[in-house]
Amino acid sequence: MNKLVGHGLMVMALTVATSVTALAAPVTMTYEGTVSIVNGDSIVGVAAGSSAVFSVLMDNGGSSLTSQTWNVSDLLSVTMDFGGGARTTVFSSPFDSPAFSSSGTFATDAAGDVSAVMTLTGFIVDADFATNGPGTQFGWFINGANHVYQEVGGGKSTLISLENVGGDINPANWTATGGAAVPEPGTLALAGLSLAALGAARRRVRQS
């Protein structure tokens, strides 16, 4: 009888453990470029030759990096970083301003490489952003234009342009990271309990 019970618990534990449900996992699309010109007021630590990193956080409800497509409705945030943190500004959803526009999609191929880039243009005033600078009004552009970022605030106005015009809409210049499956907490707990029960049952079988 103990062997029968033990066998039943083993089947239950293995069934639960191998059917753990995965939650959606956000994916980050990253572009790295180089600042060519800073027009207007200067930003300490940002000048021609400084790094420029764009991070676009997307979530299409999936948990894979391969053969995926992300639409504008999947857009969670856009981070623009210049000079290795000298100026970092994060634009967050909802992207519902009349001055926001997009075209196309982000996509990956079967190898997980970026195969399509969404163009994005936004003008943000006093909302939906976080920055380490004085700006309260922003223009940000991932659309192949030379200028990519503008901030106004604190009596200052700055416009940043990049080298390699059009490089920010070339899929070859982007990488996709993330997308690891995350187990449902309840299912994970059930799997743990089942495996614990299996261990206890095995001990009872050995003792009988």
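## Notes on a predicted model: a cavity, a core and a salt bridge

1. Let's start with the lining of the largest cavity, whose residues divide into five nonpolar, four polar and two charged. Here Ala, Val, Leu, Ile, Met, Phe, Trp, Tyr, Cys and Pro count as nonpolar, Asp, Glu, Lys and Arg as charged, and the others, Gly among them, as polar. The model is a predicted one, in which local features need pLDDT of at least 70 and side-chain atom pairs count only at pLDDT 80 or more, while totals for chains, interfaces and linings use all residues. Residues are numbered from 1 along each chain as its sequence is written, and side-chain values use heavy atoms, with hydrogens and water left out.

2. Which residues line this largest cavity? They are Tyr 31, Ala 145, Asn 146, Val 148, Leu 162, Glu 163, Asn 164, Val 165, Gly 166, Gly 167 and Asp 168. The cavity has a volume of about 40 Å³, and the count comes to one cavity of 30 Å³ or more. A cavity is a set of points, on a 1 Å grid over the protein atoms alone, where a 1.4 Å probe fits but cannot get out, and a lining residue has an atom within 4 Å of a point. Points are joined across faces, edges and corners, and the volume is the space filled by probe spheres set on them.

3. Asn 164 sits in the loop between E14 and E15; helices (H or I, at least four residues) and strands (E, at least two) are DSSP runs numbered from the N terminus. Is Asn 164 buried or exposed? Asn 164 is exposed, because its relative accessible area is 51% (buried means under 20%, exposed over 50%, partly exposed in between, with a 1.4 Å probe and protein chains only). Asn 164 has a positive phi of about 55 degrees although it is not a glycine. Leaving aside neighbours within four places in sequence, Asn 164 is in contact (heavy atoms within 4.5 Å) with Tyr 31 and Asn 173. Its C-alpha atom is separated by 9.7 Å from that of Ala 145, 19 residues apart along the chain.

4. Now for the whole chain. There are two helices and 16 strands, and 33% of the 208 residues count as buried. Of the contacts with a separation of 6 or more, 61% come from residues 24 or more positions apart.

5. The largest nonpolar core has 33 residues, of which Met 29, Val 56, Phe 82 and Trp 174 touch the most other members. Such a core is a set of buried Ala, Val, Leu, Ile, Met, Phe, Trp, Tyr and Cys residues joined through side-chain atoms within 4.5 Å. Among the strands that each supply at least two residues of this core are E2 (27-40), E3 (51-58), E5 (75-82) and E15 (174-178).

6. How many salt bridges does a search of the whole structure find? It finds one. The side chains of Arg 87 and Glu 151 meet in it at 2.9 Å, N to O. This pair links distant parts of the chain, with Arg 87 in strand E6 (residues 87-92) and Glu 151 in strand E13 (residues 147-153), 64 residues apart. A salt bridge is a side-chain nitrogen of Lys or Arg within 4 Å of a carboxyl oxygen of Asp or Glu. Arg 87 is buried, at 8% relative accessible area, and Glu 151 is buried too, at 4%.

7. Thr 108 lies in strand E8 (residues 106-108). Thr 108 counts as buried because its relative accessibility is 5%. Beyond neighbours within four places in sequence, Thr 108 is in contact with residues including Met 29, Ser 67, Trp 70 and Ala 176. Thr 108 and Pro 171 are 63 residues apart in sequence and 9.2 Å apart in space, C-alpha to C-alpha.

8. Ser 67, in the loop between E3 and strand E4 (69-70), has a positive phi of about 50 degrees although it is not a glycine. The peptide bond from Ser 93 to Pro 94 is cis, with omega near 10 degrees, and Pro 94 is found in the loop between E6 and strand E7 (101-103).

Note on methods
1 Å grid on protein atoms, 1.4 Å probe; cavity = no way out; pocket = protein on both sides within 12 Å on 5 of 7 lines; lining within 4 Å.
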